[in-house]
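Work through these exercises with the sequence and the structure open. Try each task before reading its solution.

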Amino acid sequence: MRLQIPYNEFEQLLSEYFQQKMIRQIKLAYVDESTIQVSAVVKIKLKVMEATVPVKENVSVKKVDGSDVTLTHQTGMAIGLKWEQVLELCEDVVKDMLEVQDNNTLLVHLDKIDKLNTILEKVEMQSISFEPDYINLCFVLK
């Protein structure tokens, strides 16, 4: 079974999920079959002030294993530090959903997202790929 999600719908879902608190203006753009460009404006709290910082990175799907998706991102040192801060500041929002495996690899536990958990009890994700206008999710019934 295949599900196609237009980028604008997924951007809206992400914006609602993060409730416009820490991450705003999320935009996705096609790069190739396994990679999309993610750009956003991120609010970062420093010791004496808050700042909004634009972040833009290419994110690739490396592996899909049941409800876990391994993502890699291309980053320079400065952007890498921003990601560490973003994950630290958003800890209450992302909870156990994101796990940093190394400098450029994130493990996303999709079953930790309430709205997806009930779906993932019935289906197993096989792959994620990208087209110029859509995200393709392929599932099999359990």
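**Exercise 1. The whole chain**

What percentage of the 142 residues in the protein is buried? Then list the elements from the N terminus on.

Solution. Note that this is a predicted model. Start with burial: buried residues make up 38% of the 142 residues. Next, count the elements: the protein has four helices and nine strands. Their order from the N terminus is β-α-β-β-β-β-α-α-β-β-α-β-β.

**Exercise 2. Surface and contacts**

State the accessible surface of the protein and the share that belongs to carbon and sulfur atoms. Then give the share of contacts that join residues at least 24 apart.

Solution. The accessible surface comes to about 9,000 Å². Carbon and sulfur atoms account for 52% of that surface. For the contacts, take those between residues at least 6 apart in sequence: 45% of them join residues at least 24 apart.

**Exercise 3. Placing S67**

Where is S67 found, and is S67 buried or exposed?

Solution. First, locate the residue: S67 lies in the loop between β4 (50-65) and β5 (68-73). Second, read its relative accessible area, which is 17%. The cut-off for buried is under 20%. S67 is therefore buried.

**Exercise 4. The surroundings of S67**

Which residues does S67 contact, leaving aside neighbours within four places in sequence? Which side chain makes a polar contact with that of S67?

Solution. Step one: the contacts are V108, H109, L110, D111 and L120. Step two: the side chain of D111 joins that of S67 in a polar contact of 3.5 Å. Step three, a C-alpha check: S67 and N117 are 50 residues apart along the chain, and their C-alpha atoms are separated by 8.8 Å.

Terms used: Residues are numbered from 1 along each chain as its sequence is written. This is a predicted model: local features need pLDDT of at least 70, side-chain atom pairs count only at pLDDT 80 or more; totals for chains, interfaces and linings use all residues. Side-chain values use heavy atoms; hydrogens and water are left out. Helices (H or I, at least four residues) and strands (E, at least two) are DSSP runs, numbered from the N terminus. Buried means under 20% relative accessible area, exposed over 50%, partly exposed in between (1.4 Å probe, protein chains only). Contact means heavy atoms within 4.5 Å. A polar contact is a pair of N or O atoms within 3.5 Å; within protein, one must be able to donate a hydrogen and the other to accept it, and residues adjacent in sequence count only if both atoms are side-chain atoms. Accessible areas come from the Shrake-Rupley method with a 1.4 Å probe; for residues, only the protein chains shown count as cover.
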